[in-house]
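This report describes the fold of one protein chain.

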Amino acid sequence: MKNPEAQQDVSVSQRIRVMFYVMKPSETSFQTLEEVPDYVRKATPFFISLMLLELVVGWIRKGKPPGGLDDALTSMSAGIVSQLPRLFYRSIELTSYVYIWENYRLISLPWDSPWTWYLTFLGVDFGYYWFHRMAHEVNIMWAGHQTHHSSEGYNLSTALRQSVLQIYTSWIFYSPLALFIPPSVYAVHLQFNLLYQFWIHTEVIDNLGPLELILNTPSHHRVHHGRNRYCIDKNFAGTLIIWDRIFGTFEAENEKVVYGLTHPINTFEPFKVQFHHLVNIWTTFWATPGFFNKFSVIFKGPGWGPGKPRLGLIEEIPEVEGKEVPFTSSASQLLKIYVLVQFTLILAFYEETFADKAVLSQVSLLLRVCFIILTLTSIGFLLDQRPKAAVLETLRCLVFLGLCRAGHLKPCFSSLSFALECKRCGFDPWVRKIQESGNPLQYSCLGNPKDKGAWKAIVHGVTKSWTGLSN
């Protein structure tokens, strides 16, 4: 999937149906990997549409939105971070698969056979079940997967809270398929399996009747995301719940589910959301005596300790009462509005970067990725109300202006953004001159990098504005 021009077109109908795995072999069979559409990216507009629909339905049914803005932005930020490596190289889930296929395959099943299509559907879903189960039962794998479970809400935005580390272990569980399944068929179902799991992250849908016996549904997956004791390590299915029924990990939804990690992290900062459990493993590793015990810290369950069973003791899981209040940001409403605007802009910038990656240099891509990460981190700091949030946001604004000056943003976008940044920072005289001249850089400190007074004015203006917004 590296040559967009070779990829097949995807109709609007297909973009909708692909999210529910309602696709036919005849319309989704491709001879080469390059022909396989990027279904995940093409479904992005429908992610947003369904999230808005869920918001409206949830508001009508319960009188409130299905989750907080701070939690939703953190989930989407994690989703963005998880996709950034794709700007530089193909997913390891594909590269490892292609390598095994080209060097070690035993037989080559026909790529255009419906039987190959359905066999791959079962194989990918079976592989996902065991990957997902091991991601809960092996501590070093849980360090990646815990990102997805860190939300204390449960809505469609939660589905986007993905780990940047997870794909570096998941490929192992799909690799046996490379001995006989063509990469193009595998690439299709790898995407379908992921997309199916988007719509099951909701409380809007209650029960689907007989479908609950076969398919993974919102009810089944709510249990999986619960931190109630009865929910721990249950319902690992991707598309078919039959794997949990077969291997004894199924649990039906009964008492109210409380979502999130058993020990909530209480932060919206993306780096902590992604990597905090790695820090826990590092600390526990060095504090645990004995070589075999240290080995167990990494490869046994997250709840393991010396003298305990492999997966730990269920009695040590904190009990929930159903009255738990999710962690929320103490930021002012004005600041939250600003954060939402900035996130919307960086989301557009992210989409633009992916659309233009074929014509951007590696340096431009790297700088854009760094700016995206910096922006998401600053948003997290602002929502967490960190003491250094104003300083970091000031730095972000300066980096933004630097990218404009260096040409790593499109001129029309940078001109508009520069004017908006100056306006927000209180530089009205500069904005008027910009409007009159049509040259946003002529009156900026970036037009004359040695103008220390202009730089000081920017730092002072941005910091002062953030002091006001935070109160």
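## Basis of the model

This is a predicted model, in which local features need pLDDT of at least 70 and side-chain atom pairs count only at pLDDT 80 or more, while totals for chains, interfaces and linings use all residues. Residues are numbered from 1 along each chain as its sequence is written, and side-chain values use heavy atoms, with hydrogens and water left out.

## Overall make-up

The chain has 19 helices and zero strands. Helices (H or I, at least four residues) and strands (E, at least two) are DSSP runs, numbered from the N terminus. Of the 471 residues, 50% count as buried. Buried means under 20% relative accessible area, exposed means over 50%, and partly exposed is in between, with a 1.4 Å probe and protein chains only.

A contact is defined by heavy atoms within 4.5 Å. Among contacts between residues at least 6 apart in sequence, 75% join residues at least 24 apart.

Helix H7 spans residues 139–149, and ten of its eleven residues are buried, so H7 is largely enclosed by the rest of the structure. The buried residues are Asn139, Met141, Trp142, Ala143, Gly144, His145, Gln146, Thr147, His148 and His149. The cover over these residues includes helices H4 (69–83), H6 (114–137), H8 (167–174), H10 (218–224), H12 (270–287) and H13 (291–299).

## H7 against H12

Two packed helices are described by the angle between their axes and the distance between the axes. The axes are lines fitted to C-alpha atoms, for helices over the stretch in contact, and angles run from 0 to 180 degrees between N-to-C directions. For H7 and H12, the axes come within 7 Å and cross at roughly 155°. The two helices are therefore roughly antiparallel; angles under 35 degrees count as roughly parallel, over 145 as roughly antiparallel, 65 to 115 as roughly perpendicular and the rest as oblique. H7 passes H12 in a right-handed crossing. A crossing is right-handed if the near helix is turned clockwise from the far one by less than a right angle, and left-handed if anticlockwise.

On the H7 side, the residues in contact are Asn139, Ile140, Trp142, Ala143, Gln146 and Thr147, and they meet Val273, Gln274, His276, His277, Leu278 and Ile281 of H12. By class, the contact of H7 with H12 has six nonpolar, six polar and no charged residues. Here Ala, Val, Leu, Ile, Met, Phe, Trp, Tyr, Cys and Pro count as nonpolar, Asp, Glu, Lys and Arg as charged, and the others, Gly among them, as polar.

His276 lies in H12 and is buried, at a relative accessible area of 13%. The C-alpha atoms of His276 and Ala143 are 7.9 Å apart, although 133 residues separate the two along the chain. Neighbours within four places in sequence aside, His276 is in contact with Gln146, Leu261, Ile265 and Phe271.

## H5 against H9

Helices H5 (residues 92–104) and H9 (residues 183–196) pack at an angle of about 155°, with their axes 10 Å apart. That angle makes H5 roughly antiparallel to H9. The crossing of H5 past H9 is right-handed.

From H5, Glu93, Leu94, Tyr97, Val98 and Trp101 meet Pro183, Tyr186, Ala187 and Leu190 of H9. By class, this contact of H5 with H9 has eight nonpolar, no polar and one charged residues.

## Loop residues

Asp233 is in the loop between H10 and helix H11 (242–247). Its phi is near 60°, a positive value in a residue other than glycine. Asp233 counts as partly exposed, at 22% relative accessibility. Gln385, in the loop between helix H15 (362–384) and helix H16 (389–406), also is not a glycine and has a positive phi of about 60°. Gln385 is partly exposed, with a relative accessible area of 27%.

Gly290 lies in the loop between H12 and H13 and counts as partly exposed at 40% relative accessibility. Gly290 and Pro306 are 16 residues apart along the chain, and their C-alpha atoms are separated by 9.9 Å.

## Cysteines

A disulfide is a covalent bond between the sulfur atoms of two cysteines. It is taken here as a pair of cysteine sulfur atoms within 2.5 Å, and by this rule the count is zero. Cys231 is buried, with a relative accessible area of 0%. Cys397, which lies in helix H16, is buried at 3%. Cys397 and Thr375 are 22 residues apart in sequence and 9.1 Å apart in space, C-alpha to C-alpha.
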